[in-house]
Every structure is written in C-alpha cells, then in structure tokens.
Amino acid sequence: MPGDRDSTIVKLEFSSGVSVSPPQAFTMLKNNGVEVKEIEMLQPLAARNTYDLKFRSDAARIQGVSCLKGLEGLTVTPYDRSVVVTVLYLNFEVDQGLVARVLSQYGTVSDMRWVTYQAGELKGILNGKRQFRMVLKREIPSFRFIGGSKAHIRYFGQPRTCFKCGEEGHVSGSCPTSYSARASAEPGPEPMVEEPGSPCL
C-alpha cells in the first residue's frame with residue numbers, strides 16, 4: 001500500500017519518449033534545485049523511466065517536491081503526504097487527545113508523541129514539545145487556544161500568521177489591527193472537557 005511506504009520517498013515518472021538514465025535523472029534533480037546532500041537514494045523501478053527518490057528527512061522531501069512541482073515531463077508522487085506538526089508552550093497537563101482533536105480540524109492525525117531531549121544529562125526527559133504526524137487538508141495557523149493555553153504551532157512549509165490577529169502577511173510587531181478589534185476578534189480559550197467522549201469543540 002502506498003501509505004505504508006517511508007514518508008521520505010517519492011516516485012518520479014518521466015514522460016520522455018526516450019530512456020532517462022539514472023545519471024540523467026540525477027542531473028535533472030540538481031539542475032532544478034534539489035540539494036544533492038539531501039538525496040539518500042535514487043532507485044530505478046520496473047516501469048520505464050520511473051524511479052523512487054529517497055530524501056534524508058521529511059523536511060528535505062517537502063522542499064524537494066516543491067522544487068520539482070510543475071516541471072514539464074515529470075510527475076512527482078509522494079507515497080506519504082504527511083507533515084510533522086510541532087506544538088509548543090502548552091501546559092503539560094493538557095491532554096494529548098484534546099490537542100489531536102483540535103488539530104484534526106485541519107487534517108488527519110495519524111500519530112502523536114512527546115519529544116524528549118536528545119543529549120546530555122537531560123537525555124530522555126520530556127522537553128514539553130508535542131509532535132503529530134498529519135495529512136493536512138488546510139493550513140494550520142501559527143497559534144491556537146487549546147485547553148486554556150495559547151499553543152504555538154509549527155511545521156515545515158507553514159504560512160506564518162500574526163500572533164496578534166492571526167492573519168498572514170505581517171508579524172505581530174507591525175500588526176495593523178487595533179487592540180480593541182483584536183480583543184473582539186481573537187478566539188478565547190477553549191474550555192476543558194471533563195466528560196470522557198464529549199466533543200472538545
């Protein structure tokens with residue numbers, strides 16, 4: 001099943017009438033902005049002029065697909081269109097299930113985990129960040145109120161939105177919206193739901 005493939009792999013299909021060799025495919029990738037250091041594998045498949053291209057990370061895959069998107073004569077198909085969404089600055093006691101339900105407004109959540117420190121004396125200790133693997137249906141704003149806390153939300157390729165008004169195109173320091181207008185427009189904290197199984201929104 002395509003969804004079971006490694007998320008860093010995409011399929012390349014060249015529509016050229018002549019055979020496209022691995023060196024030719026590799027040159028095309030380089031010439032169109034794909035960084036060589038981010039390529040881990042270029043594997044010919046049984047079908048003519050078809051390759052599996054494996055990147056070294058999800059971020060590199062997303063960037064590489066962006067470089068190749070729309071090229072004439074090439075079809076790029078990610079086996080996994082998911083992104084890793086990181087949620088920061090939430091109170092520790094806010095339930096993971098509640099966060100997942102809020103994020104599910106923007107797509108399908110397939111996995112979630114707490115992030116730990118990776119080195120030194122803190123290795124293995126939770127650092128408060130949470131990560132969710134999602135297939136997005138629409139973009140997530142840079143912040144959301146979840147369980148009474150204002151969570152900061154990050155993922156590769158995310159359009160940045162103003163932390164004051166929630167709109168794109170500017171940052172909070174240059175926000176043109178007045179304080180009173182922001183106060184009336186900004187959503188308030190969402191109540192915690194105590195009854196199991198109750199909808200959170």
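In this predicted model, Glu 35 and Lys 37 join their side chains in a salt bridge, with N and O 3.7 Å apart; the term denotes a side-chain nitrogen of Lys or Arg within 4 Å of a carboxyl oxygen of Asp or Glu. Glu 35 is partly exposed at 43% relative accessible area, whereas Lys 37 is exposed at 59% (buried is under 20%, exposed over 50%, partly exposed in between, with a 1.4 Å probe and protein chains only). The structure holds 4 salt bridges. Residues are numbered from 1 along each chain as its sequence is written. Local features need pLDDT of at least 70, side-chain atom pairs count only at pLDDT 80 or more, totals for chains, interfaces and linings use all residues, and side-chain values use heavy atoms, without hydrogens and water.

A salt bridge also forms between Glu 40 and Lys 54, at 3.3 Å from N to O. This pair links distant parts of the chain, 14 residues apart: Glu 40 lies in strand S2 (residues 39–44) and Lys 54 in strand S3 (residues 50–55). Helices (H or I, at least four residues) and strands (E, at least two) are DSSP runs numbered from the N terminus. Glu 40 is partly exposed, at 43%, and Lys 54 is buried, at 17%.

For Arg 133 and Asp 58, the closest N and O atoms of the salt bridge are 2.9 Å apart. Here strand S7 (residues 126–136), which holds Arg 133, is linked to helix H2 (residues 58–68), which holds Asp 58, across 75 residues. Arg 133 is partly exposed at 22%, and Asp 58 is buried at 16%. Asp 58, Arg 61 and Arg 133 are linked in a network of salt bridges.
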